[in-house]
Amino acid sequence: ALASYPPFDLPTFRENFNELQNDKSHPLNNRAVKGIYAPGSTFKMLTAVAALSEEKITPRERIECTGTYTFYTSPQPHCWIYPGRHGLENVTDAIKDSCNCFFFEAGRRTTIAKLREYAQKFGLGEYTGIELVEDKGWVAGPETSEHFNQEWYDGNTLNAAIGQDTNQFTPLQLANYVATLVNGGNHYACHLLK
């Protein structure tokens, strides 16, 4: 299924076109393929796959979440549970708890270059192949920051690893990424079917 919100009435589309075009809620913008959004914690699964595949973490390794990530003097970002803490977490626990500190560390070890490589393999920041005009989106990294006239620092990798920074994808890219995860890693182009 492919849907966007807010909707408009298709039978009166021609008569209401000017009104729809000037509507501040942009009902003519197909957000499923043209809207780009930060993926947030949905990106953590990609960070896990990249870190495991590159052997930067192991399935049983436990990384401690103290509520604050202290590898760098600055920045020292917090887990979403702060001032609480998750304690020692393996990758399964970290995905279940959506532990920022675990994925800050996994992302830092993996590097932004590898995170970008895996994002591309999963079709994030890439055209999906659907037969509609779509947005390509952005994968965080030095090149994307340069495009937006922003400075890139090593610490930006932390935010990128949890789906923040300049990561921006369409809902369709995210749906296809999750489909790739659950189908055993086969990434397919998207198509409209009747």
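Where is the place of Pro83 in the chain? Pro83 sits in the loop between β1 and β2. The peptide bond leading from Tyr82 to Pro83 is cis, with omega near 15°. Pro75 lies in the loop between β1 and β2 too. The bond from Ser74 to Pro75 is also cis, with omega near 5°.

Some ground rules come next. Residues are numbered from 1 along each chain as its sequence is written, and side-chain values use heavy atoms, with hydrogens and water left out. This is a predicted model, in which local features need pLDDT of at least 70, side-chain atom pairs count only at pLDDT 80 or more, and totals for chains, interfaces and linings use all residues.

Now take the whole chain. The chain has nine helices and two strands. Helices (H or I, at least four residues) and strands (E, at least two) are DSSP runs, numbered from the N terminus. Read from that end, the elements run α-α-α-β-β-α-α-α-α-α-α. The C-alpha atoms fill a box of roughly 60 × 35 × 30 Å along the principal axes. Of the 194 residues, 41% are buried. Buried means under 20% relative accessible area, exposed means over 50%, and partly exposed lies in between (1.4 Å probe, protein chains only). Contacts tell another part of the story. A contact means heavy atoms within 4.5 Å. Among contacts between residues at least 6 apart in sequence, 68% join residues at least 24 apart.

Helix α5 spans residues 100-110. Nine of its eleven residues are buried, so α5 is largely enclosed by the rest of the structure. Among the buried ones are Cys101, Phe102, Phe103 and Phe104. The buried residues of α5 pack against α3 (44-53), β1 (63-65), β2 (87-89), α4, α6 (112-121) and α8.

Two of these partners deserve a visit. Start with α4, residues 91-97, where Val91 is found. Val91 counts as buried because its relative accessibility is 6%. Leaving aside neighbours within four places in sequence, Val91 is in contact with Ala48, Leu52, Ile57, Pro59, Glu61 and Phe102. Phe102 is one of the buried residues of α5.

Then go to α8, residues 156-161, which holds Thr157. Is Thr157 buried or exposed? Thr157 counts as buried because its relative accessibility is 7%. With neighbours within four places in sequence left aside, its contacts include Gly107, Thr111 and Trp152. Gly107 is another buried residue of α5.

Thr111 follows α5 and lies in the loop between α5 and α6. Thr111 is not a glycine, although its phi is positive, about 85°. At 36% relative accessibility, Thr111 counts as partly exposed. His26 has a positive phi as well, near 50°. His26 lies in the loop between α1 and α2 (31-34). Its relative accessible area is 47%, so His26 is partly exposed.

Finish at the surface. Phe8, Leu10, Phe17 and Leu28 form a nonpolar patch there, with about 350 Å² of accessible area together. Patches are made of residues with over 30% relative accessible area and no salt bridge; like charges are joined within 9 Å, nonpolar side chains (Val, Leu, Ile, Met, Phe, Trp, Tyr) within 5 Å. A salt bridge is a side-chain nitrogen of Lys or Arg within 4 Å of a carboxyl oxygen of Asp or Glu. Accessible areas come from the Shrake-Rupley method with a 1.4 Å probe; for residues, only the protein chains shown count as cover. Leu10 lies in the segment before α1 (13-22). At 63% relative accessibility, Leu10 counts as exposed.
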